[in-house]
Amino acid sequence: MSAHPSTEAAGDPTDPAAVIAAEDRLVAHNYRPLPVVVARGEGVWVEDVRGNRYLDLLAGYSALNFGHRHPALVEAAHRQLDTLTLTSRAFHNDRLAAFAAGLAELTGLDVTLPMNTGAEAVESAIKIARKWAYEVKGVPRDRARIVVAADNFHGRTTTIVGFSTDPVAHDGFGPYAPGFTVVPYNDLPALEAALDDTTAAVLIEPIQGEAGVIVPDDGYLRGVREATRRAGVLFAADEIQSGLGRTGRTLALDHEGVRPDLLLLGKALGGGLVPVSAVVGTREVMAVLRPGEHGSTFGGNPLSAAIGTAVINLLATGEYQERAERLGKVLAAGLGRLTGRGVLRHRGRGLWAGIDIDPAIGTGRQLSERLMARGLLVKDTHGSTIRIAPPLTIEEEELTGALDILGEVLAEGS
Ligand SMILES: Cc1ncc(COP(=O)(O)O)c(C=O)c1O
């Protein structure tokens, strides 16, 4: 046996074709990545194994809101790595309370449940909402329902994909957990009609990211807040992708001055370094969880808490929200100029855009590959839609340069 059998099986790590072939053989095919093998990242730029540079316009689905390896975040991580990394919640650690205090201040809510991935935060919120329904609202046992929106994306667990309306995410993974009612997104009357004595919560994304950056009408989120309050139902807002500066405010809900009962955060909360998610809620609602009823070995570990606190400190400056707001206008104006020239429609808020490309030019995937060849990394979503969500640290010239390249690629046609 050689000293490094796994290295041999993976092939030459500096040869992109060898790496892609090895991944194809050895890694489950649950993704279809663009054919680029990234080896380094700094700020808004990544470099492949051959030294080619690309502007990262996906930013890890908004996990990299502060760019790759933001110095303040890397420093916080290094400091914590040299001190203490994991205790489990069997013991207290000296970083978790500060993280929770930061989240309370940032969100205007009271109490944090620390978790790791986004889907875990969603699962946790579902459990909290159900418990609240039985203990506080008085819903008969096992009858609690949660109202969700069509075209939602909340993660990949069996419960969550059970209420997905996307056949690719949903089909083939049943039997599905009961207790969810799907209503159309951005349709207040339909939502209100679905609320009754057994409804525990409404769970929605304030902007639907995976669906193609779907921004609801002004007033919808406030309407959801008012309707849920009137009906005695919790409002659980999934800001795992929309939150933490992306839309030009700390939270997408801030655009309408709305505070939910349960707020779900993830992705950028880990600064692009580690998975960190959280449910942040009102004291009254979060009090339904008691020792032993929920948990996570890694949730709230000191490394995650230290990095999460450093993320909160960056957001507390307001700089990133301001950049997203200001540069978001540059992005929207640039896409406006391309509308009718390969772009059919574009939507978005802050530094976050969903762009419907004229299908005559190609699929979203084909366009992503052409953009990759020109040094831009984007991700397609359904059909001929691509989305752009660069790190919030992007400079204006980098953004306008990217828009110029997009215009050129679109002008080349099919
Ligand atoms: C709104 C939303 N919720 C939940 C998730 C799931 O997060 P994770 O992939 O960390 O489980 C995502 C991921 O894209 C998301 O966009």
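Pro175 sits in the loop between α8 (167–170) and β6. A cis peptide bond joins Gly174 and Pro175, with omega about 0°. Helices (H or I, at least four residues) and strands (E, at least two) are DSSP runs, numbered from the N terminus. This is a predicted model: local features need pLDDT of at least 70, side-chain atom pairs count only at pLDDT 80 or more, and totals for chains, interfaces and linings use all residues. Residues are numbered from 1 along each chain as its sequence is written.

**Loop residues with positive phi**

- Arg69 has phi near 55°, a positive value in a residue other than glycine. Arg69 lies in the loop between α3 (59–62) and α4 (71–81).
- Arg69 counts as partly exposed because it has 16 C-beta neighbours inside 10 Å. The cut-offs: buried takes 20 or more other C-beta atoms within 10 Å of the residue's own, exposed 12 or fewer, and partly exposed is in between, with C-beta atoms placed from the backbone.
- Asp151 has phi near 65°, again positive in a residue other than glycine. Its place is the loop between β5 and α7 (158–162).
- Asp151 has 18 other C-beta atoms within 10 Å, so it is partly exposed.

**The sheet**

- An open sheet of 7 strands runs in the order β4-β10-β9-β8-β7-β5-β6, with mixed pairing. Two strands pair if DSSP finds at least two bridges between them.
- β4 (111–115) and β6 are the edge strands, and each pairs on one side only.
- Neighbouring strands are turned by 20° against each other on average, direction ignored. Axes are lines fitted to C-alpha atoms, for helices over the stretch in contact, and angles run from 0 to 180 degrees between N-to-C directions.
- Strand β8 (residues 234–238) and strand β9 (residues 262–265) pair in the parallel sense over 3 bridges. Asp238 stands opposite Leu264 in β9.
- Helix α6 packs on the sheet, touching β4, β5, β7, β8, β9 and β10 (277–281). The direction of α6 makes about 30° with that of β10. Contact means that C-beta atoms, placed from the backbone, lie within 7 Å.

**Strand β5**

- In β5 (residues 145–149), 5 of 5 residues are buried.
- Arg145, Val147 and Ala149 point one way, while Ile146 and Val148 point the other way. In a regular strand the side chains alternate between the two faces of the sheet.
- β5 pairs with β7 (residues 199–204) in the parallel sense over 4 bridges. Arg145 has Thr199 as its bridge partner in β7.
- β5 also runs parallel to β6 (residues 180–183), joined by 4 bridges. Ile146 has Phe180 as its bridge partner in β6.

**The ligand shell**

- The ligand is surrounded by 15 residues, and the closest are Gly118, Ala119, Gly155, Ile240 and Gln241. A residue is near a molecule or strand if its C-beta atom, placed from the backbone, lies within 6 Å of it.
- Helix α6 (residues 118–137) gives the largest share of the shell, 3 residues.
- The shell has 5 nonpolar, 7 polar and 3 charged residues. Ala, Val, Leu, Ile, Met, Phe, Trp, Tyr, Cys and Pro count as nonpolar, Asp, Glu, Lys and Arg as charged, and the others, Gly among them, as polar.

**Domains**

- The domain assignment gives domain 1 (32–62 + 319–411) and domain 2 (71–316). Such bounds come from an automatic or database domain assignment.
- The C-alpha centres of domain 1 and domain 2 lie 27 Å apart.
- The contact takes 22 residues from domain 1 and 19 residues from domain 2.

Notes. Contact = placed C-beta atoms within 7 Å.
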